[in-house]
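Please keep the viewer open as you go through the topics below.

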Amino acid sequence: MATVAFCSAPSVSASLALSRRGNDAGAQQRLALSSAGVRNGALGVAALRKQCRHNGANAVRQPVHARASGKPSSSAEPSDASSVASTVAGKAVAAVLAAIQVLAPVSAAFVPLLAQPPPAEAILLSPDTKVPRNADVALRRAVPVVNDAVRKIQDELEEISTLMRIPQKKPYKTMQANVTKAVKLAEANQAAILDAVPVADKGRAEAIYNDLVNSKAGFPGLLAAIEDKDPDRVSIRLASSLNSIASLSLLQATGLQFLIPAQYASLPRLTGRATVEFAVLKADGSYFALDNGATSALTGVLQVVLDGYSAPLTAGNFAQLVSRRAYDGVAVKATDLAVLSDARDPSAGRDVPLEIMPAGEFQPIYRTPLDVQDGELPVLPMSVFGAMVMAHSPESDSFSHPSQFFLYKYDKRRSGLGGLAFDEGQFSVFGYVTKGRDVLAQLRTGDVIQSARIVSGADRLVVPNV
């Protein structure tokens, strides 16, 4: 039974009171419909209404059009009275069907009206395939690609990642063709790929390239796994190859690929990636369970990668606060959705605008949320467990809080259609927890950040002399 539901799960804003949004029932019960999902075959209210109106209107327009064009109709010509009756009937049918859709779930009988794609194609077109589901994939896809050949190679490999989601018989021949194209691109553009890397990193880039093209961890191993039709090995080799491509892209991306808007020129910015390590303590003095309970530790450790490529101002402000030890001793509040840091003196940070890099765009947009229901998706999605996010300013949702952040505990069971968080595209996401996800899951209200330190990438923090 296919259904369209009005989702009423709480958003992170409602759960943590991070913004000044009203608490009216309409805001709390948002319709979690993405037009990206509708376009890709997902059932939606707007799609069904449009289809019903179209079908009802066409039942009347076809004979009229035939008369106007002078072409004979396949049936007898209707009289004016019957034409009017038919028009009224068509509109009535469309109205009734639209009302039924709004008031009740859509039954499987309506599915043919929407020209649903076959199951395998629907999976390929689902919003699920467009949004990364873990931190490693999200960060990999967020790396700016300087060299066009590297971008094309990555596209071929990402297509295999999408094809692997098909639960039926997997299209291994198509995957083989993707890898073959990637190999040809890599070999034909070797000089261009390596020349895009700074001289100081040339040796490292050559080693990564050789592993990608010649080792079992790269293309040869991936082709062998595809030929053996071994999905587990394909996934492992594919992840290794994609990580190699991301490593080459990181070596090529020596800074931001865009200019910071003039009105924000005085703000600190992170011109690449940096890693922050948090040491956290339980308020009751208990231990953190690690390695699925095999070990335990009094101090939990979280490593967060900050992405200045997609959110330079947000990541820069946070990195500067960390360098000033602004989060040492800060307590946290925890809910089922997120772990929120206590708000310190707002003067500790800067008024940073809401900053989001839309997928497919060259630079971030500021002070403007994305319209996810209209198909806009961010490069750094919040719908990932361990997303690092700035809370909204208490003054305006167009700005982030100067210092208060939260770690989002994504749970698909509490998400809307397409698996997107209800607040997707509304906050500045600027990094992800890459180590210590088990520690994040165990944090409770009252637990304390013992310390926060930048362990790598501090040289990417730029503070203008203004």
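In which loop does lysine 229 lie? Lysine 229 sits in the loop between helix 12 and helix 13, where helices (H or I, at least four residues) and strands (E, at least two) are DSSP runs numbered from the N terminus. This is a predicted model, in which local features need pLDDT of at least 70, side-chain atom pairs count only at pLDDT 80 or more, and totals for chains, interfaces and linings use all residues. Residues are numbered from 1 along each chain as its sequence is written, and side-chain values use heavy atoms, with hydrogens and water left out.

**Positive phi values**

- Lysine 229, a residue other than glycine, has a positive phi near 55°.
- With a relative accessible area of 52%, lysine 229 is exposed; exposed means over 50% relative accessible area, buried under 20%, and partly exposed in between (1.4 Å probe, protein chains only).
- Aspartate 291 is not a glycine either, yet its phi is positive at about 50°.
- The loop between strand 3 (288–290) and strand 4 (295–297) holds aspartate 291, which counts as exposed at 52% relative accessibility.

**Nonpolar cores**

- The largest nonpolar core has 33 residues, of which Ile153, Leu157, Ile160, Phe219 and Leu222 touch the most other members; such a core is a set of buried Ala, Val, Leu, Ile, Met, Phe, Trp, Tyr and Cys residues joined through side-chain atoms within 4.5 Å.
- Two or more residues of this core come from each of helix 8 (148–163), helix 9 (172–188), helix 10 (190–195), helix 11 (202–214), helix 12 (219–227) and helix 13 (231–252).
- A second, separate core of 32 residues includes Phe288, Leu290, Leu302 and Met388.
- In soluble globular proteins, nonpolar side chains tend to be buried together.
- Leucine 222 is in contact (heavy atoms within 4.5 Å) with Leu157, Ile160, Val179, Lys216, Val234, Arg237, Leu238 and Ser241, not counting residues up to four places away in sequence.

**Helix 11**

- Which residues of helix 11 are buried? They are Ala205, Ile208, Tyr209, Leu212 and Val213.
- An α-helix has 3.6 residues a turn, so residues three or four places apart point the same way.
- On the face turned away from the buried side, helix 11 carries the exposed residues Arg204 and Asn214.
- Helix 9, helix 10, helix 12 and helix 13 are among the elements that cover the buried residues of helix 11.
- The end C-alpha atoms of helix 11 are 18 Å apart, in agreement with the 18 Å that its 13 residues should span at 1.5 Å a residue; the expected span is 1.5 Å times one less than the number of residues.

**Helix 14**

- Helix 14 (residues 312–323) has 12 residues and reaches 16 Å from its first C-alpha to its last, close to the 16 Å expected at 1.5 Å a residue.
- Because 11 of its 12 residues are buried, helix 14 is largely enclosed by the rest of the structure.
- Among the buried residues of helix 14 are Asn317, Phe318 and Leu321.

- Glycine 349 lies in the loop between strand 7 (338–341) and strand 8 (352–353), and counts as buried at 17% relative accessibility.
- Apart from residues up to four places away in sequence, glycine 349 touches Asn317, Leu321 and Pro402.
- Glycine 349 and serine 403 are 54 residues apart in sequence, and their C-alpha atoms are 5.4 Å apart in space.
- Serine 341 belongs to strand 7 and is buried, with a relative accessible area of 1%.
- Leaving aside neighbours within four places in sequence, the contacts of serine 341 are Val330, Ala331, Val332, Ser403, Gln404 and Phe405.
- Serine 451, in strand 14 (residues 448–456), is buried with a relative accessible area of 16%.
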